[in-house]
Protein chains: 2
Amino acid sequence: MTIETVSTNQSYGGVQGVYRHASRETGTDMVFSVYLPPGAERGGKLPVVWYLSGLTCTHANVTEKGEFRRACAELGLIFVAPDTSPRGSDVPGDPAKAYDFGLGAGFYVDATQQPFARNYRMWSYVTEELPELLAEHFPADMSRQSILGHSMGGHGALTIALRRPQAYRAASAFAPIVAPSQVPWGIKALGGYLGDNRDAWRKHDAVALIEDGARFPDLLVDYGDADPFLKEQLRPELLAQACSDAAIPLTLRRQPGYDHSYYFISTFMDDHLRWHAARLQST
Amino acid sequence: MTIETVSTNQSYGGVQGVYRHASRETGTDMVFSVYLPPGAERGGKLPVVWYLSGLTCTHANVTEKGEFRRACAELGLIFVAPDTSPRGSDVPGDPAKAYDFGLGAGFYVDATQQPFARNYRMWSYVTEELPELLAEHFPADMSRQSILGHSMGGHGALTIALRRPQAYRAASAFAPIVAPSQVPWGIKALGGYLGDNRDAWRKHDAVALIEDGARFPDLLVDYGDADPFLKEQLRPELLAQACSDAAIPLTLRRQPGYDHSYYFISTFMDDHLRWHAARLQST
């Protein structure tokens, strides 16, 4: 698999890159960003933190506004940010019609419904294709991966970690959608991509996965109590209850005054990366 | 003078705000951003760091990508980012025609030439009107101000500090234009705004100001040696020579591999804010 370098910029002693490749999963070109911390050029392999973004975002939002490079440079972490959906004029899902379904809103599932099934394969893209690409082109220690995300990407991070706990040593989220089967964003997306059979939804719902027996060693979740999506779409109390029932240690932090934006995310990014680094350190 | 709140977002324990007001100097609405660190609500007054942006930027570039809030929160600094020019459909200087003159490229001068003289009054806007507004609406200790900037804004920060050393306790710059009278960007801008009489340019040229006797206690300047504008437009060696001749202590740091972007600025923002804080601390 080949990749094209879109841009590289030195930052905090490392290199922030943006790359493009033709994706077998989505059938489109896909763009992603990778931060390599200082020391990556010395020949060793470094642990990898995956960051999944929220509705309407591309790789660029966290790359420009996430304030992750300082900590990644200090902690020796590779930071990877994929896009949130396939894109292109041939891809169904016009964002002018809906910000919460289609382009920019892949929800990290492999769609089974038409006309989405060919392109909307973000689950396989993020868990299989992009890791293969990363292992091939970057000094990434694929035995030390972790995952975090924001909002829809927090949903992605939690569901991916819960279904593949052997693959990720840490998982955390900023303001995640924790129970998409129970909230409007999720019902629309899972119904649209996966159809009406709600059994298929449960594999893409963190709370349902835990109810069905999925486990992870521990989880960190931050949310702001001024987040306008908190009560209708995010509902962190449902995750708290599921983790409590399943005896999964959950560090759930209510951050007073914070909203849903990157001003919130960047404030607590450092905490999350230190949480991840502590769990990625042992080789 | 009244201001309108465009947005506020909590970040690093403080509040990042964006505000709009009708400017007497530019004759247009102007937008600026202010970060208030935690503690600003307790009633005391806090020191103010002014950040002047470069060509094509608005307040938003540094506000989103500058990574200044963490240090400002820790050090108790208010951070203010003005726009780089007047804007509006009635303002001459179409940015589609030139990125380096007109809208987004005010060069921090009061224009004397038509059709720019009415609106392009960024010197008076940044040094008089906006400080008045800040003192009226924010808990700003106007006896403790400092100034920094990037590229064209580095030019603005250096020239403003050199001409008003009593008003600013610290001054620094990222990749500044140090001698606009001697480089293409500056010759175009100063000629366009101030006319052909080069004597008028010297008050807006840091190197010329120093040659003409302006002084500042000390200066900090960082630039990247991979900056594509280094040799033709920035020419930091001219500032080094002028400061050496005038015995102005200049900390001039060549940063290997860095370019002209916010990936460079954000890397060294922390250093600059600590430099400023050390000089702003005494009340």
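**Placing B:Gln241**

Where is the place of B:Gln241 in chain B? B:Gln241 sits in helix 9, which spans residues 236–246 of chain B. The model is predicted. The relative accessible area of B:Gln241 is 46%.

B:Gln241 is 178 residues from B:Thr63 in sequence. In space, their C-alpha atoms are 33 Å apart.

B:Arg235 lies in the loop between helix 8 (230–234) and helix 9 of chain B. Its phi is near 50°. That value is positive, and B:Arg235 is not glycine. Most residues other than glycine have a negative phi. B:Arg235 has a relative accessibility of 24% and counts as partly exposed.

Is A:Tyr12 buried or exposed? Its relative accessibility is 14%. The cut-off for buried is under 20%, so A:Tyr12 is buried.

**Cis peptide bonds**

Most peptide bonds are trans. In chain A, the bond from A:Gln114 to A:Pro115 is cis, with omega near 5°. A:Pro115 is in the loop between strand 5 (78–81) and helix 3 (122–137) of chain A.

Chain B has a cis bond from B:Gln114 to B:Pro115, with omega near 5°. B:Pro115 is in the loop between strand 5 (78–81) and helix 3 of chain B.

**Helix 3 against helix 4 in chain B**

Helix 3 (residues 122–137) and helix 4 (residues 152–163) of chain B have axes that come within 12 Å. They cross at roughly 60°. That angle makes helix 3 of chain B oblique to helix 4 of chain B. The crossing is right-handed.

Which residues meet here? From helix 3 of chain B come B:Trp123, B:Val126 and B:Thr127. From helix 4 of chain B come B:Thr159, B:Ile160 and B:Arg163. By class, the contact has 3 nonpolar, 2 polar and 1 charged residues.

**How the two chains relate**

A rotation of 180° superposes chain B on chain A, with 0.0 Å of shift along the axis. The RMSD is 0.0 Å. This is the relation of a two-fold axis.

Which residue of chain B comes closest to the rotation axis? B:Lys65 does, with its C-alpha at 2.8 Å. Of the interface residues of chain B, 100% are also interface residues in chain A, so the copies meet through the same surface.

Definitions and conventions
Residues numbered from 1 in each chain as written. Chains lettered and ligands numbered in written order. Predicted model: local features only at pLDDT ≥ 70, side-chain atom pairs only at ≥ 80, totals over all residues. Heavy atoms only, no water. Least-squares fit on C-alpha atoms with pLDDT ≥ 70 in both. Contact = heavy atoms within 4.5 Å. Helix = DSSP H or I, 4+ residues; strand = E, 2+ residues; numbered from the N terminus. Buried < 20%, exposed > 50% of the residue type's maximum accessible area, 1.4 Å probe, protein only. Axes fitted to C-alpha atoms, helices over the stretch in contact; angles between N-to-C directions. Parallel < 35°, antiparallel > 145°, perpendicular 65-115°, else oblique. Left-handed = near helix turned anticlockwise from the far one by under 90°. Nonpolar A, V, L, I, M, F, W, Y, C, P; charged D, E, K, R; others polar.
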